[in-house]
Structures are given as structure tokens and as C-alpha cells.
Amino acid sequence: MKLLSNNALKAAVILSGAGLLAAACSTTSVPSEPEVVVEERVVYQPQPFDEALYERADAMLSRNVAGLVFRTSVNTNWVSDSLFWYSVNTPEGPDYYLVDAAEQYKTPLFDANRLAQMLSIAQGDEADAIAPEELRISRIEVLEDGALMSFEYDGEKWAMDRETYQLTALQDSGNDVSTPRNSITSPDGRYAAYIQDWNLWVRDMESGDDIQLTEDGEYRFGYATDSQGWTNSDRPILKWSRTGHMISTYQLDERKVGEMHMLRTADGRPELISWPYMLPGDEDAPMHHRVVIDVENRSMVRLNMEPDHQRTSNCCGLTRGRDWADNQFIDDNRKLAFVSTSRDYKEVTLRIADLETGEVRDIYHERDELFIETNLNSRGVPNWRVMYHEGTFIWFTRQPEWGHLYLHDIETGVLINSITEGEWNVSDIVRLDTDAGRVWFTGVGMDPDRDPYEEYLYSIGLDGTGLKLHTPDEGHHRVSMSPDATFYVDTFSRMDREPVTVLRDGFGEILMTLEEADISRLLDAGWNFPTPFSAKARDGETDIYGLMFKPSNFDPAKQYPIINSIYPGPQVGSVGTRGFAHSRRGQAQALAELGFIVVQIDALGTPMRSRSFHTAYYGDMSDNGLPDQIAAMQQLAERYDFIDIDRAGMYGHSGGGFATAAAMFNHPDFFKVGVAGAGNMDNAGYTFYWGEKFQGPFEEFEDGTTSFTNQALQLQVENLSGHLLLSYGTLDNNVHPNTTKQVIDALIAHNKDFDLIVMPNRNHGYANESYKLRRTWDYFVRHLHGMEPPKEYEFK
């Protein structure tokens, strides 16, 4: 029997005479609804939900299960071409091992008992001996032959003979120079660059001297400023040269950029916060005036070119790790190679600047009629490399359909040959050996019989010959290579299989197993692996992939509501890593424990597949891949009788909040309940880099509409019929709450019922706060199960 209608569950329903209101819930073991007789009338009351299930869900939260997984985090440090040490997490703390790859020999890096004893003696406090289990050392270095190591313990630096355990205190040079806050240190540690009064400075970490590198920086026209609208910080954005002390950066002109405003909740008057934040269609854009600074010579050259747009050649943001992306010092720091990207992301140009004259030469130009990506991973390092002395460069493009590497002539830009090809994608360039004429890269989708998102390590000659697979075992691979690429430390796993870490030779053969993950405590806690699945997209032909989460007390004889945990792209999908993870987006397993089937599906519009797949809803972001999500959920229900497709919900945060609201407005017959947090409900009110890239350039039409009208959710609320819970943080400087408020205003204008949580003084990252999690759980329990959740459940 189906669940009562939404209205019946929402209000107390009074039946006249002796009439009875019967309700049945087909999930979990739920008795018939209780009846309260009042003056010969029967009043409906929801069945209380079992608090024990909340406690079970609580136990599955990422913060509670993270400490139940061991021997998975292997951190490799190469000492030489064949010698390395690594640390690995264990229940007792980190263990350390030294491995001779050539001899296939593994030994503890040190004996904790002996080291603790010797440290106690060396510190002259044997009476208060250091307990081995409490020994925590840091900043470990191992010398090339492995005989000596150095480390820091309790603020003191020591050197140790690994055979005799003789300790030598390393005298401080007397240099007590502190590292400036929000600074970026040069690769050799000599200088730390930081911003002061809109200018770029460095601190000499040997002398302690502070050196001003620029002098004409001013408010909103500062050097190395990290002000990207949707994200900002006090840390400079720059690129240090690998050797020497050269800095590539910019002077950011945002003097005419429009502002965004928020109010910080406070006693008395709220505090106004304003900052530059460009929206799609704004005329005045933040621009980069490129400069290169020679720290040693205290000199700066401005590149002789028009200012660049505040862009990187792939999503998202300007930095990759600590570096300003799309910059490469070449020709012994005499030149800089860089990529300029157009405002609409349709054009990129590879350029080389002479760092003595500032003259800039265009090397290669590419245009894509939709948008360009030089790496398909969100925040991946752009996949281009200049080999200046060889007279060539590697270029990544997915013209016409798949992302591959190509070799070009550096003088003419002319294509020499394709390096990789086929119906699959290069993911990341991980090593380039110009002497050997070979490039190592990770790739996805090469084997049609495996998950097309799993990453494998390959290498190939720059002439496109000699392709090698270095990680043949099925799974998602994370690899650390020896300096000469003779050996590989490979940690691989699958979504339904825990990690194993092995040592491989250059041919991919396993030489020895280093670690096997210990997830016994996780399994003892009741955790289950999610179930990978595939289905067909809206066209009935394209394969799409996902994960299904079941409650740990799953009973196939019962029927469960189905909830979609969504992130629609375009920069990432819902599923995330194809390797093992103890927890996934949206605390999916925890939610499943409340008697739901939870799914995550990478639909059309998400990356790592073909160009057509990724750009499927370009120009209408409110599509969000929802027809594919629905198609896959319906196919799962046809496959599995335990899914009640008539009780379907969705939830998500940020882009997932946008998708959830769109699902509730545009697919009301399918989705009955939605929880939408921090959504960019109208991308005309979100950062220009996002909307102008994935929706397209902002255009105004004669009928009063714009090129963004079709995705603006405040114009799509009229069909809402289910239960919708909206939320936003009042200090969300990424996705400003204004677009959610526009949706709220439209819902009120259309006389629609909805629910709202306002999170005061929260920025964009409130999704995993206990209050927000509890209210999300309550909402699905109340409206999909038709039961009353525990009142104000407190997380353990």
C-alpha cells in the first residue's frame, strides 16, 4: 500500500464519526499508525521513528568512521633511485619503513623503543622516560645511503645513526627568522613572499631582512592579489622558478569591478562586508597586468602585452597547490611560457616572454566553440609543457571529442604528431623525460571492459609509439615514481574494494606488497561497501555510472524510498573518486542508515568522458543532467523490487542545491522531497567565470530575456508540489545567498509552501554542520517515511 498523500501527512487530519485513518509504510518494520480518539473523532499522528536508527546513522558520519581505517595512507619519500621510506597510519600511530626497491627489502625505519630510550637519555630525563607509543617525530630526512636520518622531536632537531642509534643534537644556526603569515616560500626555502599594503615583499629566511619588491601597488590595483570574487585570501598568487629566485605574478586591476555585499550578524548594528565580485555580463572585468620579478637583482619586468583576463585554462581557480597555474619558466629562467585564456573560455593562447625585454611572442592558439579544458580534472594542472631546448611543446586538447596530447613545433606552432589517441582521455601528465623522449601520464577509459573513470598510469614516446601500461591491476591507481622511473609505489583500490599498496618495476610487475588496508574496525561498526552500477542515460544508449548505498540492516523483502545525492557538474560529478572511500559526498551512507536507498550518479554534463558528454547541457545549466538521473533511478527500480520509485527525493549543496531545486520545480511528478543548500539558483547572480564558461556569454534579447533566462530557477517555481527545504549561509562569499532569496521571493509570490533554514555568519561550507545534517535527516524521515523523527536529536 502506498504512503499517504503529502497533505495527509503534513496536517492533522480529522475524520468525522467513527471513521478511521489507516496508513501503511512499506519501509522498515513500521506498525500501523496509532489512533488518538478525541470526542468520538480519530486524529492522525505520525508513528515515532526509532532513535536507534539515528544513532546508527550518526556512527556512519565521516568524522566517526575516519578513525576506523588503517594502513591506507602511504606517504612515500624517495631517497635515491631505488631507496625510499614511507609512513603509514596504524591504530597505534604512524609506522615508518625503509625499502630498498632493488633488493626488494623492507625494514622498519627505526625501532620506537630504542629511539624513545635514547631520546630520554639524550634529554637527560631518564626518570621521565618517553613512552614509545607516545613518540611522535616530524621533519624526517634520510640520507642517500640510508645509514643516517634526521628528525625533529619536541621542538629539537636530531641526527641519528640508524645502526647504533647514537643521537647528535643539531645545533640551531641561531637563525630564529619567522615565516611571514600567508606567505609562499621559494623552492629552496631562501625567501618567503607575502603581501603588505598592496605590494609584494619577500623575507630573507637567512638574514631576516624584509625586502620590498614593488612600490606602486594600491587599493584594488595590488600585486599578486588573491581576489577572485567567489574566493579570496591574503596569500599571494605567484609562481616561483624551480631554481634561482624568479617570480611570475601580476598586478590585479579591479578598480571598476562591481561589488557584492553581505551583513555579518552582530549585537546592535550588523556589519557590512563588501568586496569585488564580477557577475556575468558586467562590462568591467578584473584584469592581470603580468610582471616577472628577479628577487636577487631586485628588478621587475612588465610583459609587453595587453592585460590578461583572470582565467586559467581549465577549471577551477587560479592556483594549483601553491603555484599560479599556466606558468613555466624556461631557458634557464631567461624566458617565461604561459597561457592566456579569453573571458568566455573559448580561446587559449600559448605565449613566450623574454624576461630581459618583456617582449611576448604568440606560439599557439586554439578556439573551441563551447569551452576549453586543458585538464579534465577540477583543479588539475594544465596539461601543456614547453620543451624549449628541444624546440617543441606538448599540448592537450579534446578536439574533436577526446582529450589527448599532441607534439608541436615551438617556432611555428605546427603539429608534429599526435602522442596519444583513441576514445579515452588523458587525465594528468605526471612526468616528462626529454632525454628519453617519453611522457608518463594517467589515463581513463582506455579499457572498454573497466570502469571508464578509473585512473591508470601509462607512458608513451613523444613520437606516439611504445605505449606502456604500468599499473595493470583493475582499480583506481595513485602512484609515486622513483626519480628515474625505474620503480613505482602503487596504491590501488576500487569503490567496492579496499586499497593495496605494492612496489612495481618499470614493466608493471609487482615486486612486493608493501601494505594491505585494515578496515576490520570499519566493518565491525556495520559499514558496508556501496554497490557500483551502470545504467542508460536519457537517450537510452549512453552508459552512465553510479553508486548505491543501502542501510546496514538492509532487508530485500522490504521497500525503501530512494534518495539521490547529487552534484551535477560541470567540474565534478556526484560519485567522486573511483577508489576506496570510507565516506562520500553528502554523508550518503549515514543517510541510508535511516531506511533509505541513496544513489549517486554521474550524469551527462560531468567530466572525464567525451567532450559531447561533458558539454551536454551547455547553454541550459538548469538541465543539471536530471533526465539522466531520473532514467537511472527508474532502471534501478525495475532491477530491484526493494526500491519504491514513487517515494523519490534529492539533496545537494552548492551546485547540488541548484540541481535539487531544479528537480523539485521541473520534475514534480518524480521528486517528492528535496533539500537544497547554498545553491547558485541563478547563474546570472553567481561568479562570471562560472556562468560565462558553462552557460555561455551573457546576451540580452529584444523580448527582454537574456541568454541566462532559461536557467534562472526563480522563473521556474510554479510547478512545485512536493516538500522543499532551502538553506543558505548569510556570509556565503562563494555562492551569494541573493539567488536563493530570489527563489524564496518567487515561491511566496506563487503562494507555494516551502521550508527554510538560515545559517547566520556561515560561509559556503556549512553542509556537514550537525544542525544542518539533523534537519536534513528529519525532513526525509518526515516526508518520505511519513514518520516523526526523534525530537532535536543530538549527535554523539
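Predicted model: local features only at pLDDT ≥ 70, side-chain atom pairs only at ≥ 80, totals over all residues.
Eight cavities of 30 Å³ or more were counted. The largest cavity holds about 120 Å³ of space. Its lining comprises 14 residues. Gln-228, Gln-310, Gly-317, Tyr-345 and Tyr-689 lie nearest the centre of this cavity. By class, seven lining residues of the largest cavity are nonpolar, six are polar and one is charged.

The second largest cavity contains about 80 Å³ of space. It is lined by 13 residues. Closest to its centre are Phe-549, His-582, Ser-583, Arg-584 and Gln-589. Helix H6, spanning residues 588-592, gives the most to this lining, with three residues. The lining of the second largest cavity divides into seven nonpolar residues, five polar residues and one charged residue.

The nonpolar cores were examined next. The largest nonpolar core has 81 residues. Within this core, the residues with the most contacts are Ile-394, Val-599, Phe-665, Phe-671 and Trp-690. The contacts of Phe-671 were listed without residues up to four places away in sequence. On this basis, Phe-671 touches Ile-630, Met-633, Ala-648, Gly-649, Met-650, Ala-663 and Met-664.

Key: Residues numbered from 1 in each chain as written. Heavy atoms only, no water. 1 Å grid on protein atoms, 1.4 Å probe; cavity = no way out; pocket = protein on both sides within 12 Å on 5 of 7 lines; lining within 4 Å. Points joined across faces, edges and corners; volume = space filled by probe spheres on them. Nonpolar A, V, L, I, M, F, W, Y, C, P; charged D, E, K, R; others polar. Helix = DSSP H or I, 4+ residues; strand = E, 2+ residues; numbered from the N terminus. Core = buried A, V, L, I, M, F, W, Y, C linked by side-chain atoms within 4.5 Å. Buried < 20%, exposed > 50% of the residue type's maximum accessible area, 1.4 Å probe, protein only. Contact = heavy atoms within 4.5 Å.
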